[in-house]
Structures are given as structure tokens and as C-alpha cells.
Amino acid sequence: MIKDYQQQKSLRDSYDFCIIGAGPAGITLGLRLAAAGWNVLLAEGGGREYSPRSQGLYACTSTGLELYAEETRLRYLGGTSNHWAGRCRPFTPSDFAIAPPGDLPGWPIPYSEIEAYLPAAMDIVDLQPGSNFRALNTGLNGGDFEADCFLLSPPTRFAQKYATALEQTKGLDVFINCNCVDLEFDKVSGHLAAVTLSDYKRNRQRLVARHFILATGAIENARQLLNSESLRAAGVVSKDGLVGGCFMEHLNIDLGTFILKSGQPPEPRQYYTSDAFVAEYKAGKGNVTAVLLADVQTYGRTAEVKHFLENLACDMGIASKVAFVAKFSCPGDGVIGTMIEQFPNLHSRISLLDEKDELGVAKVNVNWALSADDRHTIKCIGSELAKQFADMGLGYVKLNDFVYDTSIPLKMAPHAHHMGTTRMAASPQFGVVDANCKVFGTENLYVAGSSIFAKGGASNPTMPLLQFAVRLADHLNAKMGAASGAVA
Ligand SMILES: Cc1cc2nc3c(=O)[nH]c(=O)nc-3n(C[C@H](O)[C@H](O)[C@H](O)COP(=O)(O)OP(=O)(O)OC[C@H]3O[C@@H](n4cnc5c(N)ncnc54)[C@H](O)[C@@H]3O)c2cc1C
């Protein structure tokens, strides 16, 4: 049942599970745990639709690279899936096997731990389980780049697709306009005792559950943990520790342009760094898309920009001029886009501010920062791509100077893939959650979403985070079943 917490506060006295946040991660967990027979509260801070009031609670400051953190997240039922583009690429074994450079370890689990959950995650985002992640083209000869393989989800809008299930699944209480504003930790038992929920009039209520799961996106998951005075007092969370640290994005670098040799087929090319490239250059992974200007497709973010331009042009009566600019291209010229891995580094960080939001939760600052290792990855991908383009007689690549000269500031944009702020590790020395997504130092507090990523690879994060969510649901179901001696 979906109820509006602003109107009615008919919560049970206690739940088996309390999940905070109804985006892809929270909805997936809520439906699975309730279907297994448990009483589940899914508390969503926003309403059924976008509202400036809810979205305003995402307001934050930035001291690092420009992240557009307020614009790229959506704070209402369905979360950011309300405008995601649907590109899906699974992690591969090497994402889990290879540690990043520096002092931080990579994943504490092998890829096989989430591989079995790929069909379920594909099904959730409307990809036919078993269908192949397809390549647009073949790879480049040198062995450094293979053809990239991906699939496009419709894209699945979680609030719409799962509306009936959210209404009708027995045992599941979904409350919208129901904001988590505090986590109450009991140091003696090691349990999160309760969360504090608030409506928009600041009416607060204490909610007890046996297990709690944070599923509010990578920035907010860290924010909720950092904001909790009781977690800080118990030493589970510290202001400059791992919670909020290692914030990662995928890098959208403007590598340069290319001219295709005449006679070469003009179709878009998508390449992906091979494991051999990663091993040889000790670099991160990356996807490179080479598209002739005349062929630039409008999907995802580009489609959003196009839609905006269309509306603007119609409003201002300049449609023909905008159309001319949008269609203009030089025959044979192409642009190169990328989605490049960022390695975890502790300087890239979400930290708590003194200033509070409308509901009394401390705001955060985002300091998105790259390391020298990231510049090395960008340089290697750019220069090897240019060499192999020429070697294969495909054409010529003109790299931007900041690609090979690391003293020049990068021209770059984020991909809206927020990761790493509650990273998974084998011990609290290197991470925030353990291999089962449980927060170190607690007995019953879990985290879902891409904040748990120890490494981001160059795969789009949503399908993998769903693999982890389904795995977490299985783990909790088994744990609860074992504890009660019954199969739910
Ligand atoms: C333009 C764009 C395009 C994208 N394209 C792709 C793509 O092609 N492929 C891909 O893999 N990924 C893509 N992404 C990323 C994708 O949207 C995210 O990975 C995904 O939505 C994360 O899911 P989540 O459930 O972890 O978090 P979210 O979707 O952010 O959901 C978090 C939920 O928590 C709620 N919440 C927050 N704070 C509170 C609180 N205090 N109390 C209660 N509830 C709260 C929010 O309202 C929200 O519903 C894209 C993102 C953007 C912005």
C-alpha cells in the first residue's frame, strides 16, 4: 500500500525491515523482502511527483570539480530512475580481481558473488535475461581496445513499472513524503535502535525495526551516516574517516576529435579497454565512443538537452535558427566521448556542514577530486586510441592538449554515476560496509546502492547495484529465516 505520510501516520509499532529511499535499490529490496513474508516499511522522502520542496533537501555545496549534484539526482518515488538513460553494462571478473593503485584495496569479494544475480537484475530493468550484451563494432587491432558491449533498458521507470506491486504486495508499507532525519544507534547492543521520520511540517516520529537499510543514493547514504550524532559518538562514523570518502564518478572527458578516412564506414564506434591494456599501463578502464557529427544520436542526456532546446526555440520563436545550429556538421569530422573509471581516493569526499536543511538535517559539501592515477588513465586511453586509429588506417585523432599534458586542467563532465562513499571492504580499516553490505560496528544497519562500490570500473552502475540489492535481499532473508527457525 502506498500512503502519504503527510496525511496519515499509520505505521506499525515495529517492522522486520525499514528501508530508507524508494529508488531502484530501495524498491527492489522492499518488494523482495515483503514477498518473502516480512513486514517492510519503505520510507520515501519525496512524493509521487517532482516537487521543489523535496528536491530542495538535496541542496549542497561543492568545493571540487563541478558535479551538478542537485540537478542529476531526483528526490521522489522512483528516485533518479525517473530520468536515467538505461544504458547497462555488467561488471566483469577483472573489475573484482584487480586492486586499484595506491593504499586502498579493491573489492573484497570475487565477481562470482554477483554473477548469479545478473539475470534477476536484467529482468528488473526489462532486459531479456540471457540476451547478449551486444557490440556495435569490432575492436581495434592493437589489443588495447575491444568492442564495447551493452544493452539499453527501455529505460525502466521504477515508480511506474512497480506501481501495482508497491500498492499490492502484502506486508509492504510504502510511505511517501516520509523523510529519514536521524539514525539512533545503541552503542551497548551495537544495534540501530530506531530511525526518526519527519513529514514536511517537521512532525517527527521514532520508528523501530529489526533491520535497517539505507538506499538513498551515494551522496545521501553518506550524509545520513555522518549526520547521526549517536553513530559518531559511538565511533562507528567519524567526520574525516571512510564514510563519505572515496566518492567516485565516471569521467566524461572531451578527448578530442577525429577525421575518418574516406572509404571507412561512417557508423558510430564504441570501444572498451581490454584487460591487457589495464595490466600493461596500470590504468583504469574506459569506454570510448567515436561518432561522426552528422550521426550524433539523441538518447539519454543528449535527448534531454535536445528537448530543452526545442522548447526554448519554440518559446522564443527561433526554431529555424536553433535547428540550423543543431544540424550543422563538417562531413568526415567526428567527436570522441568517454566514460572512464575513477579510482578511489580519500580526498574525493562528501563532508558534513554546520548548516541544516529545512527538516534539520545537516547539509553536505561535495569535494569531487581526481588523483594523478586518474590523469594517467585518461592520458593512456587517449594516446593509445589515437595510435591505434592511425595504425589501422581508420583516420586521424586530434587529442586535446589536456589529455597528454597533465599540468593543464581537464575539460570534463560527470556522468551522474555517484559511487563509493560507503565502500565495501574486508575490514573497517579500508571500508564502511562488509561483504554483506552491513555497516562495520553495527549489527543491523545495511547500505544498498552504488555507494558500496569499492571500485567503479567503467560499467554503468544501476544494473550492478541491482545485482547487489538482490544479493542483499537473499542474504537478509536467509539470516532472518535462520534466526526465527522458519522459512518465511
Ligand atoms: C541523467 C541521468 C542518466 C543516467 N543514466 C544512467 C544509465 O544510462 N545507466 C546507469 O546505469 N545509470 C544511469 N544513471 C544513474 C542512475 O540513475 C542511478 O544509478 C540510480 O538511480 C541509483 O539508484 P538508487 O536507488 O541507489 O538511488 P536513487 O535513484 O537516487 O534513489 C534514492 C531515493 O531515496 C530517496 N531519499 C533520499 N533521501 C531520503 C531521506 N532522507 N528519506 C527518505 N527517502 C530519501 C530519494 O527521494 C530517492 O527516491 C543516470 C543518472 C542520471 C541523472
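The protein chain contains 15 helices and 22 strands, where helices (H or I, at least four residues) and strands (E, at least two) are DSSP runs numbered from the N terminus. Its radius of gyration, taken over C-alpha atoms, is 23 Å, close to the 23 Å that the globule rule (2.2 Å times the number of residues to the power 0.38) gives for 488 residues, so the chain is as compact as a globular protein of that length. This is a predicted model, in which local features need pLDDT of at least 70 and side-chain atom pairs count only at pLDDT 80 or more, while totals for chains, interfaces and linings use all residues. Residues are numbered from 1 along each chain as its sequence is written, and side-chain values use heavy atoms, with hydrogens and water left out.

**Overall build**

- The C-alpha atoms of the protein chain fill a box of roughly 70 × 55 × 45 Å, taken along the principal axes.
- Buried residues (under 20% relative accessible area, with a 1.4 Å probe and protein chains only) make up 55% of the 488 residues.
- Of the contacts (heavy atoms within 4.5 Å) with a separation of 6 or more, 75% are accounted for by residues 24 or more positions apart.

- Leaving aside residues up to four places away in sequence, I213 touches a set of residues including F17, I19, L33, Y446 and L476.

**V195**

- V195 lies in strand β11 (residues 191-198), and at 1% relative accessibility V195 counts as buried.
- Not counting residues up to four places away in sequence, V195 touches residues including C18, I20, D182, R206 and F212.
- V195 and L394 are 199 residues apart in sequence and 59 Å apart in space, C-alpha to C-alpha.

**Helix α8**

- Helix α8 (residues 218-227) is mostly covered, with 10 of its 10 residues buried, and among them are E220, N221, R223 and Q224.
- The buried residues of α8 pack against elements including β10 (179-186), β12 (204-214), α9 (229-233) and β22 (445-447).

Notes:
Buried < 20%, exposed > 50% of the residue type's maximum accessible area, 1.4 Å probe, protein only.
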